[in-house]
Amino acid sequence: QVYLQTQVEMVDVDDSYVHLRLYHHREDGSMEVSNASAEHVVIAAGGRPLIPNDLIESLKRHGYNPPMTSDDFFWPSSGVGNKSVALIYGGGYIAMETAGILKELRHDLRVIVAYRGQDPKTDTDVVPILKGWDPDLVRVVRRSLLGLGIEFAGSLEAGGVGEYLKAQGIERQAVDVIAAVGRLGNVESMGQQLPNIVKVNRDGRIQVCDAHQAVKAELALSDEPLCHERIWVAGDIVAGDVQLVTVAIKHGRLVGSNAANSGLGHAAVEWDNSPFPSAVFTPIEIFKWNRGDVPEVLSLSSWSASLTFSLPGTCNGKGTDPCPIDFVAPSKEEKLADVCGEPPKSIITMQASSWDSPVEVLSLTHTIASELGQALVLALERGITPKQIASTLKAFPQDCSGFGNQAIHQFKTQEYKWGNVSGEDFSGVRIKPAYITYAHKANLWESSFWSAKYWSSDAGEKENGQKYRPQALRGLELVAPNAVVIGNALEVFLNEYGVSLQLDVASQHTKRTLRKYGIEPHTNGGYFVLPDVKIVHPTNTEYVAEQVGELC
């Protein structure tokens with residue numbers, strides 16, 4: 001059963017059940033209160049933005065409206081960004097993404113990003129934003145935001161924001177202040193008894209054991225944490241974990257499986273703390289991947305390269321051809337060459353024990369860094385080396401004549417082909433992402449269109465529990481903006497592993513999408529996608545859609 005408009009209060013837990021009280025708000029305004037008991041309960045109450053009290057008081061003291069949050073941005077009724085100035089307080093990825101989105105939606109909007117850290121005095125100083133990301137790549141992101149006209153105000157405490165706005169001559173009715181300084185767990189929504197049952201941190205997030213059972217509020221005699229065997233925790237309310245959708249999905253799968261299987265006598269599976277590929281979706285995106293058992297990063301060798309170069313230039317006799325990438329060990333003495341008269345905006349950095357050893361850490365910046373990174377992950381997870389990446393990856397030319405800037409935005413639909421894309425022995429399976437409906441409604445059909453066609457053989461045996469035989473990939477055709485650049489990144493995987501690659505059977509949501517648009521299945525009746533579809537464009541949107549039900 002699904003209960004909407006219902007507050008859940010945890011009352012007690014004993015050896016057999018977790019006892020709950022449900023407060024159901026009816027449409028007529030009345031409330032129905034009922035009790036329920038369950039053998040297992042999963043707490044996935046999420047989080048909410050943190051608004052510092054000092055920020056609230058500072059704005060109030062100087063006559064400004066209360067601060068809003070990044071969550072308010074997604075509610076049109078909030079009116080965020082409709083005034084002449086927007087000040088975002090915070091230095092993390094949510095602050096940077098919000099600033100970039102607001103500025104790109106309204107170029108005449110004055111956007112200010114304020115934070116406590118000290119602004120860099122030189123180009124080599126530490127940049128006090130996006131902590132934990134590669135400093136060189138963070139500088140690229142900051143320069144791109146400055147290039148859009150976004151202002152940075154460092155060394156500003158939350159309690160000084162109101163005074164700063166006054167000093168800038170910004171009037172109350174002209175500014176939105178947006179807090180983006182972190183999030184709190186939603187434990188308050190589950191009643192006053194919860195902190196007496198589970199261990200809750202000061203930030204409202206619940207401590208968990210190795211298999212994501214909630215830690216009991218009381219300690220053992222040895223001061224060791226005790227684990228609830230019937231209460232499981234997932235999502236942003238988990239203490240100490242990264243607050244990302246991909247992490248929450250993995251939490252949910254783990255605790256759902258553990259809760260279901262524990263009643264069958266199976267041992268709980270512990271959390272695998274291997275890192276997730278992650279990206280910051282600023283106008284110049286930043287992507288990062290590292291291996292789960294990566295050694296001390298400082299002990300690794302590092303190589304960097306620009307993914308772009310200026311025109312006019314020649315490579316293999318033509319100025320418009322991509323060129324082999326030139327990886328260098330970064331140092332203060334040797335910097336990457338400028339592109340269009342400025343530092344490159346598209347950079348890739350690899351770290352490994354040696355040139356012929358598997359890559360342990362990879363990060364890059366580009367307007368489509370998330371897509372490029374997702375394409376590279378398939379090879380990274382299989383132990384690709386810097387030497388192998390350098391032998392395939394290319395740098396692409398940039399035309400600087402337009403705005404005197406690096407034109408790495410590419411909206412024109414391109415076509416990319418790999419392998420054998422014709423012949424009687426090959427059958428096509430086209431995959432269209434769910435967001436083509438949005439693109440059509442927004443008149444972005446031509447520029448936002450994605451499609452992929454896979455050529456595969458009929459060879460293979462049915463696997464256990466699988467209705468259709470796995471298909472061996474023989475050819476790939478991709479039609480999309482930046483298809484050539486993305487295809488080149490995907491080649492790092494395809495050229496090494498593609499011949500023996502077996503396609504996965506498409507998810508139920510993907511199948512429904514394909515049928516909706518009249519896409520015919522493979523000749524044996526199945527729909528197939530690249531393996532690990534969740535991390536490969538264009539079909540990764542299908543994966544997201546499957547998780548949330550449908551895309552908005």
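Colleague: How many aromatic pairs does the structure hold?

Modeller: The structure, which is a predicted model, holds three aromatic pairs. One of them joins Tyr 115 and Phe 152.

Colleague: What is the geometry of Tyr 115 and Phe 152?

Modeller: The pair is tilted, with 6.2 Å centre to centre and 50 degrees between the planes.

Colleague: And where do the two residues of that pair lie?

Modeller: Tyr 115 is in the loop between S8 and helix H3 (135-147), whereas Phe 152 belongs to strand S9, so the pair ties together parts that are 37 residues apart in sequence.

Colleague: Are Tyr 115 and Phe 152 buried or exposed?

Modeller: Tyr 115 has a relative accessible area of 3% and is buried. Phe 152 is buried as well, at 12%. Both values fall under the 20% limit for a buried residue.

Colleague: Which aromatic pair involves Phe 327?

Modeller: Phe 327 pairs with Trp 355 in an edge-to-face arrangement, 6.3 Å centre to centre and with 70 degrees between the planes. This pair links distant parts of the chain, 28 residues apart. Phe 327 sits in the loop between strand S18 (323-324) and strand S19 (347-352), and Trp 355 in the loop between S19 and strand S20 (359-366).

Colleague: What about the accessibility of Phe 327 and Trp 355?

Modeller: Phe 327 is buried, with a relative accessible area of 11%. Trp 355, at 29%, counts as partly exposed.

Colleague: Which residues form an aromatic cluster with Phe 327?

Modeller: Trp 303 and Trp 355 form one aromatic cluster with Phe 327.

Colleague: Let us turn to charges over rings. Which charged end sits over the ring of Phe 152?

Modeller: That of Arg 142, at 4.9 Å from the ring centre. Elsewhere, the charged end of Lys 250 sits over the ring of Trp 271, 4.9 Å from its centre.

Colleague: On to salt bridges. How many does the structure hold?

Modeller: There are 12 salt bridges. One of them is formed by Glu 151 and Arg 110, whose closest N and O atoms are 2.7 Å apart.

Colleague: What is the partner of Asp 108?

Modeller: Asp 108 meets Arg 106 in a salt bridge, at 3.2 Å from N to O. Asp 108 is exposed, at 60% relative accessible area, while Arg 106 is partly exposed, at 22%.

Colleague: And the partner of Glu 32 is which residue?

Modeller: Arg 26, with 2.6 Å from N to O. Glu 32 counts as partly exposed at 34% relative accessibility, and Arg 26 does so at 41%.

Colleague: A change of topic: how many residues of H7 are buried?

Modeller: The count is 12 of the 12 residues, so H7 is largely enclosed by the rest of the structure. Among the buried residues are Glu 371 and Gln 374, together with Leu 372, Leu 376, Val 377 and Leu 378.

Colleague: What span should helix H7 have, and how far apart are its end C-alpha atoms?

Modeller: Helix H7 covers residues 369-380 and, at 1.5 Å a residue, should span 16 Å. Its end C-alpha atoms are 15 Å apart, which agrees.

Conventions
Residues numbered from 1 in each chain as written. Predicted model: local features only at pLDDT ≥ 70, side-chain atom pairs only at ≥ 80, totals over all residues. Heavy atoms only, no water. Helix = DSSP H or I, 4+ residues; strand = E, 2+ residues; numbered from the N terminus. Expected span 1.5 Å × (residues − 1). Buried < 20%, exposed > 50% of the residue type's maximum accessible area, 1.4 Å probe, protein only. Salt bridge = Lys/Arg side-chain N within 4 Å of Asp/Glu carboxyl O. Phe/Tyr/Trp six-rings, centres within 6.5 Å; stacked < 30°, edge-to-face > 60°. Lys NZ or Arg CZ within 6 Å of the ring centre and 35° of its normal.
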